[in-house]
Amino acid sequence: MNEEILKPYIRKVTKEDKKILPTFSYSKMEVFKTCPFQYDKKYNGKMRTNDTSIALELGSLCHYVLEMKGKMLQDEVDYDFLKNIEIYGADGLLGTKELKKKYWEEWYVKDNASGMNYDQKMKIFDDVVHTEMETDNWTPFLFEHGFEFVWNNRCIIHGFIDRVDKRGNDFKVIDYKTSKKVYDQSKLSTSLQFGIYCLAILNEFGALPVESMYR
C-alpha cells in the first residue's frame, strides 16, 4: 500500500491523547478476535493469571539471548558467552539448567506437533543463535523496540517489535516465534501483527518496511 495513503491515519501520541483515547496492543486485539468473553474477563474484569509454563519461560529466554546477540554485534563485542546465558539465565530469567529441574516432567517428552523434546529443540536454537544476524545484506538496528502511535484519532496502539533490521533506507521487521510448528500460510498473508508493526515503523521513520518476517 502507498505510504502517502496511510500517513494521514497515524501520528505521534500526545499527553492529551493518553487522557482521552483507549489503548490497545496486538495481543489485546488478538484476544478479542479469538474470544470476546476472555477479553472481557481479562481486560475489563482484571481477571489475569500469574501462572507460567515451560513454553513461556523458554520463549522469554530465547528472545533474550537473541536480543543480546544483536546488541553485541552492534557494539562489536564478543558474544561467545551467550551459551552461558542460555544455560544459567540472566536478568531474572531462568536458564535451561534450572528449567530442566523446574519442568522435569515435561522436558524430555516429545510433543505431537514437532515430534521433539525440549533438549532437541534447544539444539536447533543453538544453531539459530550461531547463524542469526550473520549477513552482510541487513544490519541489526533495533531490538525489543517499544512503539506507540495514534490510529485515525480514535485509539493509541502500542507494543514491542522483537527486531528491526536496516539496509540503506530500507527496513525489515522480524518477530521471533518459539512455537511448536511453522505458522500456517493463512496466518501470514493477512497478519494483523505485522500490519501494526509496519504502521509503527512508518510513524517513526516515515517509510514502510520492505520485508516482514516470522523467524
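Select F147, F149, F194, Y197 and Y214 to begin, since these residues form one aromatic cluster; rings of Phe, Tyr and Trp (its six-membered ring) pair if their centres lie within 6.5 Å. The model is a predicted one, in which local features need pLDDT of at least 70 and side-chain atom pairs count only at pLDDT 80 or more, while totals for chains, interfaces and linings use all residues. Residues are numbered from 1 along each chain as its sequence is written, and side-chain values use heavy atoms, with hydrogens and water left out.

The structure holds 9 aromatic pairs. Keep F194 and Y214 on display for one of them, a tilted pair with 4.5 Å from centre to centre and 45 degrees between the planes, where planes under 30 degrees apart count as stacked, over 60 as edge-to-face and the rest as tilted. This pair links distant parts of the chain, with F194 in helix 11 (residues 192–205) and Y214 in strand 8 (residues 211–214), 20 residues apart; helices (H or I, at least four residues) and strands (E, at least two) are DSSP runs numbered from the N terminus. F194 is buried, at a relative accessible area of 8%, and Y214 is buried as well, at 19%, where buried means under 20% relative accessible area, exposed over 50% and partly exposed in between (1.4 Å probe, protein chains only).

Next, select K166 with F141: the charged end of K166 sits over the ring of F141, 5.1 Å from its centre, a description that requires NZ of Lys or CZ of Arg within 6 Å of the ring centre and within 35 degrees of the ring normal. Then move to K121, which lies over the face of Y118 at 4.3 Å from the ring centre.

Now show helix 5 (residues 54–75) together with helix 9 (residues 118–131), which pack at an angle of about 15 degrees with their axes 10 Å apart; axes are lines fitted to C-alpha atoms, for helices over the stretch in contact, and angles run from 0 to 180 degrees between N-to-C directions. Helix 5 is therefore roughly parallel to helix 9, a term for angles under 35 degrees. To see the contact (heavy atoms within 4.5 Å), select I54, A55, L58, C62, V65, L66 and K69 of helix 5 with Y118, M122, F125, V128, V129, H130 and T131 of helix 9.

Finally, zoom out to the whole protein, which has 11 helices and 8 strands and whose C-alpha atoms fill a box of roughly 50 × 45 × 35 Å along the principal axes. Of its 215 residues, 38% count as buried.

Conventions: Parallel < 35°, antiparallel > 145°, perpendicular 65-115°, else oblique.
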